[in-house]
Amino acid sequence: MPAISLDAFDRAILDILQRDNLTPQRLIAEKVHLSAPAVQRRIKRLHELGVIAANIAVVDPVRVGRPLTVLISVQLANERPDLSLAFRARVAREAAVQQCYYVTGEADYSLIVTAADMEEYQALATRLFAGDDNIRRYTTSIALERLKTGLQLPLAEHMHDNETI
């Protein structure tokens, strides 16, 4: 899918929305020097183009009883798409899997999962990996401390020198 062309106003609006999606449009308009209706039209367009993929709340996992963050590297016996479909489907269904990437290197997939405790993680690992002959091996790393998390993309720094807001 190709990148969407964004001007400095779009990037500034997105930068604000990524920090706080509940920022009133009139405040966004003041910050980016546009009218509130212009901001509203731009946000609507960004939704329609799929640039804004979702409006979500970021929940603190510790506050909701899911303090364990686990990073898993998965190595397949064979990367053929037809052989990895079942694994991909299990990952997609599993709510505890926060992120999953098909990667280069020694592992084929990298997952970030959350769990309430080790018992819950072990049950998750069993659901994801047990009985799948195409899983060669998986390794687990437990996050000891959460230093930074987020999905905010750096946009404002990509503005050209001649663009101002």
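Colleague: Which residues does Val39 touch, not counting residues up to four places away in sequence?
Modeller: This is a predicted model, and in it Val39 touches Ile13, Gln25, Ile28, Ala29, Val32 and Leu34 once residues up to four places away in sequence are left out. They are called contacts because heavy atoms of the two residues come within 4.5 Å. Val39 itself is found in helix H3.

Colleague: Why is Val39 called buried?
Modeller: The word applies to residues with under 20% relative accessible area, and Val39 has 0% relative accessibility, so it counts as buried.

Colleague: What makes His33 worth a remark, given its phi?
Modeller: His33 follows H2 and lies in the loop between H2 and H3. Most residues other than glycine have a negative phi. His33 is not a glycine, yet its phi is positive, at about 65 degrees.

Colleague: Is His33 buried or exposed, and how do you know?
Modeller: A residue is called exposed when its relative accessible area is over 50%, and because His33 has a relative accessible area of 58%, it is exposed.

Colleague: Why do you call Arg11 buried?
Modeller: Arg11, which lies in helix H1, has a relative accessible area of 8%, and the limit for a buried residue is under 20%, so Arg11 counts as buried.

Colleague: What makes the pair of Arg42 and Asp10 a polar contact?
Modeller: The distance limit for a pair of N or O atoms is 3.5 Å, and the side chains of Arg42 and Asp10 are joined at 2.7 Å, so they are within it. The place of Arg42 is in helix H3, and beyond four places in sequence Arg42 touches Asp7, Phe9, Asp10, Ile13 and Leu34.

Colleague: Why is Arg90 called buried, and which backbone oxygen does its side chain reach?
Modeller: Arg90 lies in helix H4, residues 81-93, and with a relative accessible area of 16% Arg90 falls under the 20% limit, so it is buried. Its side chain reaches the backbone oxygen of Leu128 at 2.8 Å. Leaving aside neighbours within four places in sequence, Arg90 is in contact with Arg127, Leu128 and Asp132.

Colleague: How do you know whether the chain is spread out or a compact globule?
Modeller: The chain has five helices and four strands, and from the N terminus on its elements run α-α-α-β-α-β-β-α-β. Its radius of gyration is 20 Å, well over the 15 Å that the globule rule gives for 165 residues, and therefore the chain is more spread out than a compact globule. The C-alpha atoms fill a box of roughly 60 × 35 × 25 Å along the principal axes. Buried residues make up 30% of the 165 residues.

Colleague: Where does pLDDT stay under 50, and what is the average for the chain?
Modeller: The chain averages a pLDDT of 93, and 94% of the residues score at least 70. Over residues 158-162, however, pLDDT stays under 50, and there the model has five contacts beyond four places in sequence. Where pLDDT is low, the predicted coordinates should not be read in detail.

Technical notes
Residues numbered from 1 in each chain as written. Predicted model: local features only at pLDDT ≥ 70, side-chain atom pairs only at ≥ 80, totals over all residues. Heavy atoms only, no water. Helix = DSSP H or I, 4+ residues; strand = E, 2+ residues; numbered from the N terminus. Buried < 20%, exposed > 50% of the residue type's maximum accessible area, 1.4 Å probe, protein only. Polar contact = N/O pair within 3.5 Å; in protein donor to acceptor, adjacent residues only side chain to side chain. Rg over C-alpha atoms; globule rule 2.2 N^0.38 Å. pLDDT = per-residue confidence, 0-100.
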